[in-house]
Amino acid sequence: MNGEAQSVWLIALDDLGPDACAIQLGAVALLELAPGQLDFVGDPLRMALAGLAEQSRRPYVIEAGGEAVGVLTLQAGAARLAGWPDDHSAWLLRGFLIDRRHQGLGLGRLAAAAAVEAAAKLTARQGSGEAGVVLSVNERNPAGLAAYLNAGFVDHGQYLGGGSGPQRTMFRSFSQQSPGGLPLLQAPH
């Protein structure tokens, strides 16, 4: 893949049958972390399996150009893990990574925006009332911070609760316009 990516697809692992899920997990097992990235994320296969094992989590494979290029998980009822003031007003985006061979192509920005769309659909389907998506990104991860800002997330300040140093709490409301559109709305808190 060369140049800027045009689109990504999020494949919900828990919506797949056993065979299709096994194929996707096999692709996830082949994802590679960039040097130093282990400080910010865990093993991709472990993250996907943990997502399948816990009812509050929805694990996704990120696909671009017909291949798995990353993973992410949306979790309900856990927003405080990212420094948010409550657990239930936002989905937590966690376990997010793009394979090292596909970094720098804009896939992180596209996948983060797609995760917000997926969370909005889940909220509408479940009637659970979340207003957006929250995450925390390590302050030593400028590429991650830039990707989230470019995907329309708003920095809500420093969070010191993470195990690997200071984090930035980032939030994107479902009602926000896409990046480059109208001004972003601030989340209530």
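# Reading the sheet and its helices

Visitor: Which residue of strand 7 is the bridge partner of Val137?

Guide: Arg168 is the bridge partner of Val137 in strand 7. The model is predicted, so local features need pLDDT of at least 70 and side-chain atom pairs count only at pLDDT 80 or more, whereas totals for chains, interfaces and linings use all residues. Residues are numbered from 1 along each chain as its sequence is written, and side-chain values use heavy atoms, with hydrogens and water left out.

Visitor: What makes strand 5 and strand 7 a pair?

Guide: Two strands pair if DSSP finds at least two bridges between them; strand 5 and strand 7 (residues 167-173) are joined by 7 bridges in the antiparallel sense, and therefore they meet that criterion. Strand 4 (residues 90-98) and strand 5 run parallel and have 3 bridges, so they pair as well; Ala90 stands opposite Gly132 there.

Visitor: Why is the crossover from strand 4 to strand 5 called right-handed?

Guide: The chain passes from strand 4 through helix 3 (residues 107-126) to strand 5. The term right-handed applies because, with the strands pointing away from the viewer, the path from the first strand over the helix to the second runs clockwise.

Visitor: Why is strand 5 said to be largely enclosed by the rest of the structure?

Guide: Of the 7 residues of strand 5 (residues 132-138), 6 are buried, so the strand is largely enclosed; buried means under 20% relative accessible area, with a 1.4 Å probe and protein chains only. Across the chain of 189 residues, 46% are buried.

Visitor: What makes strand 1 and strand 6 the edge strands?

Guide: The open sheet has 7 strands in the order 1-2-3-4-5-7-6, with mixed pairing. Strand 1 (9-12) and strand 6 (154-159) each pair on one side only. A strand here is a DSSP run of E of at least two residues, and a helix a run of H or I of at least four, numbered from the N terminus.

Visitor: What is the angle between helix 1 and helix 2, and which residues make the contact?

Guide: Helix 1 (residues 18-29) and helix 2 (residues 44-53) pack at about 145°, with axes 8 Å apart, where axes are lines fitted to C-alpha atoms over the stretch in contact and angles run from 0 to 180 degrees between N-to-C directions. Contact means heavy atoms within 4.5 Å, and among the residues that make it are Cys21 and Leu25 of helix 1 and Leu45 and Leu49 of helix 2.

Notes:
Buried means under 20% relative accessible area, exposed over 50%, partly exposed in between (1.4 Å probe, protein chains only).
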